[in-house]
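Subject: Structure handover

Hello,

Here is the structure I said I would pass on. My notes on it follow below.

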Amino acid sequence: FHISSNSYKTNANGDRVYFAGWATTENATKPTVFARSTELTITDSQQIFYAVYMEASTELDYVYDSNTDTYAAQLKDELNTLEEENYVLVIPNTYDGKDVTSIYSPNYFKAWYSSPIKSIIISEGVTGFGGPGGAFKSSPVENVTLPNSLKEIGQLAFDGCNKISRLIIPSGVETIKSNAFQNCGIGTLFI
């Protein structure tokens, strides 16, 4: 069966929170099954899965593009505030009232070296990612959830991502740029 993902809702504080995946326990703070990046095998017909919503990550900076009136998200140079293990990075689809349509990496970020980021969830509305540094180059990430809105996977996007074992490319992707999966550990790629 297919489960729709990458949606958002408003929490009790009026903040937007994003669908991150599924958990087998109620009120979980992190998903145990990630939307669209994990194969789900149900062995108990009575198993209940609970939707997990998370706030957009604070480990991002946003670059405004006046030509398109949108923002691009990029990982901060230093990830000093990340102390928890298995951190889930949630990239939102809006910032400051405007759309976030891309993820940009201007340079190779040394921050990935010791990053505890294990999962990345890219919200619906983001259409591309890339940059000369490769969006997630050499990151320790294991799970990546790509939105159906994605149109382009940029140059070196997953270069050196040795811990991603499988990735689902949405059917709307029109362009995969050179070396997007160079030196990558992806064993199963679904297109």
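Does glutamate 152 count as buried, partly exposed or exposed, and what is its relative accessibility? Glutamate 152 counts as partly exposed, at 29% relative accessibility. Please keep in mind that this is a predicted model.

Salt bridges

The whole structure was searched for salt bridges, and two were found.

One of them involves glutamate 152, whose side chain meets that of lysine 177 with an N to O distance of 3.7 Å. Glutamate 152 belongs to strand E13 (residues 152–153), while lysine 177 sits in the loop between strand E15 (175–176) and strand E16 (188–190), so the pair ties together parts that are 25 residues apart in sequence. Lysine 177 is partly exposed, with a relative accessible area of 39%.

Lysine 98 and aspartate 69 also form a salt bridge, in which the closest N and O atoms are 3.2 Å apart. Here lysine 98 is part of strand E9 (residues 98–104) and aspartate 69 is in the loop between strand E5 (60–65) and strand E6 (70–75), so parts that are 29 residues apart in sequence are tied together by the pair. Both side chains belong to residues that are partly exposed: the relative accessible area is 26% for lysine 98 and 36% for aspartate 69.

Strands around E9

E9, which holds lysine 98, pairs with several other strands. E6 and E9 run parallel and are joined by three bridges. Within this pairing, alanine 73 has isoleucine 103 in E9 as its bridge partner.

Strand E8 (residues 94–95) runs antiparallel to E9, and two bridges join them. Threonine 94 stands opposite aspartate 99 in E9. E8 and E9 form a hairpin with two residues between them, and aspartate 96 in the turn has a positive phi of about 55 degrees.

E9 is also joined to strand E11 (residues 128–130) by three bridges, and these strands run parallel. Tyrosine 104 stands opposite glycine 130 in E11.

Cysteines

How many disulfides does a search of the whole structure find? It finds zero. The sulfur of cysteine 161 has its closest cysteine sulfur in cysteine 184, at 5.5 Å, which is too far for a bond, because a disulfide needs the two sulfur atoms within 2.5 Å. Cysteine 184 is likewise in no disulfide, and its nearest cysteine sulfur is that of cysteine 161. Cysteine 161 is buried, with a relative accessible area of 0%.

The second largest pocket

Sorted by class, the lining has five nonpolar, two polar and three charged residues.

That is what I have for now.

Regards

Methods:
Residues numbered from 1 in each chain as written. Predicted model: local features only at pLDDT ≥ 70, side-chain atom pairs only at ≥ 80, totals over all residues. Heavy atoms only, no water. Salt bridge = Lys/Arg side-chain N within 4 Å of Asp/Glu carboxyl O. Helix = DSSP H or I, 4+ residues; strand = E, 2+ residues; numbered from the N terminus. Buried < 20%, exposed > 50% of the residue type's maximum accessible area, 1.4 Å probe, protein only. Nonpolar A, V, L, I, M, F, W, Y, C, P; charged D, E, K, R; others polar. Pairing = 2+ DSSP bridges.
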